[in-house]
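Subject: Structure handover

Hello,

The structure is below, followed by notes on what was found in it. Please read them next to the coordinates.

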Amino acid sequence: MKSMTGFAEESTKYNDLELRCIIRSLNSRFLEINIKTPSFLKNSEGWIRDMIQAKILRGKIDIDLYLHSHQENTLVLSESFIKQVLRNEKTLRKKGLTLAPSSFTSLFEIEESFKKSNNISDRNLKALVNKSLSSLINTRAKEGKVIKKDLQGCITKMQTRIKKIKKMEKSNFNQIVKKFKRYKKELNLEGKEINISEVFSNLNKSDINEEVVRFTAHLDHVKSLMGSKGVVGKKLDFYSQELLREVNTMSSKALISDIKNECVELKSQIERIKEHSQNVE
């Protein structure tokens with residue numbers, strides 16, 4: 001089980017340049033990927049997206065790639081670069097071409113572009129992105145363990161409470177019978193014909209056995225999800241709705257207050273499961 005929230009930051013250096021990769025992960029119903037890169041790395045966005053999709057199944061992923069130059073070298077042109085420019089200009093003039101004087105700004109932009117295009121290889125960039133994704137996945141996994149532990153606590157508490165309700169089933173049914181006998185006496189139905197099918201129908205309306213059985217089955221499915229891989233958040237959300245439906249029916253059918261009180265506590269635990277379902281992959 002993995003959380004959908006996480007953060008990772010990794011960097012790598014190339015001579016006087018530093019490439020930094022920052023990845024943020026937030027909750028989302030589906031997998032959303034937003035990529036921000038320097039203009040000279042735009043062609044890499046395709047394989048970056050594919051790499052993320054291969055490793056992450058759900059969540060909003062924001063990945064930013066930044067390129068930094070060391071401050072002391074920011075406005076310095078290398079001597080070798082200047083010599084190369086002068087040689088090229090000399091060669092072109094010998095061939096009869098008239099060249100305008102090169103400005104410092106234009107030379108600086110050319111050298112920076114040259115550095116970036118030559119120093120940042122796909123291999124190095126892939127290694128950096130892969131390292132960042134691995135760090136992100138680790139943080140999501142760690143938070144997922146915390147969520148899993150809390151979910152297991154919720155399940156244990158719910159199992160205890162549904163067992164209590166199951167033990168009170170007989171008392172609830174006896175209360176239904178007493179209620180029917182009281183009505184029978186108060187309405188002076190002794191010796192008169194009674195519609196048996198209607199009686200059983202009313203008795204069934206107050207019987208919570210079916211809801212208890214279904215609730216227990218849904219809870220078993222939730223417990224099995226704790227050890228499963230892949231996307232579990234959507235399934236948890238579905239089962240939390242089913243659990244809540246059964247509890248609401250139990251509460252409305254129950255004639256004794258102890259069952260209704262246990263149902264209130266169950267709803268509180270179900271709400272926690274529903275909240276967690278929005279936060280896990």
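Helices and strands here are DSSP runs, numbered from the N terminus, where a strand needs at least two residues. On that basis Phe7 is found in strand 1, residues 6-14. Please keep in mind that this is a predicted model.

Overall layout

The protein has nine helices and four strands. Along the sequence they follow the pattern β-β-β-α-β-α-α-α-α-α-α-α-α. Of its 281 residues, 36% count as buried. Among contacts with a separation of 6 or more, 82% are between residues 24 or more positions apart.

Phe7

Beyond its neighbours within four places in sequence, Phe7 is in contact with Ile22, Ile23, Arg24, Leu136 and Thr139. The C-alpha atoms of Phe7 and Thr139 are separated by 7.0 Å, although the two residues are 132 residues apart along the chain.

In soluble globular proteins, nonpolar side chains tend to be buried together. The largest nonpolar core in this model has 29 residues, and those with the most contacts inside it are Met158, Ile165, Phe215, Leu236, Met250 and Ile259. At least two residues of this core come from each of helix 4 (122-167), helix 7 (209-225), helix 8 (233-253) and helix 9 (257-277). Helix 4 gives the largest share, seven residues. Apart from this core lies another, of 22 residues, including Cys21, Trp47, Leu65 and Leu125. Not counting residues up to four places away in sequence, Met250 touches Ile162, Ile165, Ile208, Glu211, Val212, Phe215 and Cys263.

Salt bridges

Side chains of opposite charge can pair when their charged atoms come close. The structure holds 14 salt bridges.

- Arg20 and Glu9 meet at 3.5 Å, N to O. Arg20 is in strand 2 (residues 17-26) and Glu9 in strand 1, 11 residues apart. Arg20 is partly exposed at 26% relative accessible area, and Glu9 is partly exposed at 39%.
- Asp64 and Arg24 have their closest N and O atoms 3.3 Å apart. Asp64 lies in strand 4 and Arg24 in strand 2, so this pair ties together parts 40 residues apart in sequence. Asp64 is buried, with a relative accessible area of 8%, whereas Arg24 is partly exposed at 35%.
- Glu262 and Arg161 meet at 2.8 Å, N to O. The pair links helix 9, which holds Glu262, with helix 4, which holds Arg161, 101 residues apart. Glu262 is buried at 12% relative accessible area, and Arg161 is partly exposed at 23%.

Salt bridges that share partners also join Glu210, Glu211, Arg214, Glu246 and Lys253 into one network.

Arg58

What does the side chain of Arg58 have, if it is buried yet has no salt bridge? A polar atom of this side chain lies 3.2 Å from the backbone oxygen of Ser28, and a polar atom lies 3.1 Å from the backbone oxygen of Arg29. The nearest side chain of opposite charge, Asp237, is 7.0 Å away, while a salt bridge needs nitrogen and oxygen within 4 Å. Arg58 lies in the loop between helix 1 (45-55) and strand 4 (59-69). Its contacts beyond four places in sequence include Met4, Phe30, Leu31, Arg140 and Glu281.

Regards

Terms used. Residues are numbered from 1 along each chain as its sequence is written. This is a predicted model: local features need pLDDT of at least 70, side-chain atom pairs count only at pLDDT 80 or more; totals for chains, interfaces and linings use all residues. Side-chain values use heavy atoms; hydrogens and water are left out. Contact means heavy atoms within 4.5 Å. Buried means under 20% relative accessible area, exposed over 50%, partly exposed in between (1.4 Å probe, protein chains only). Lys and Arg count as positive and Asp and Glu as negative; His and the chain ends are not counted. A polar contact is a pair of N or O atoms within 3.5 Å; within protein, one must be able to donate a hydrogen and the other to accept it, and residues adjacent in sequence count only if both atoms are side-chain atoms. A nonpolar core is a set of buried Ala, Val, Leu, Ile, Met, Phe, Trp, Tyr and Cys residues joined through side-chain atoms within 4.5 Å.
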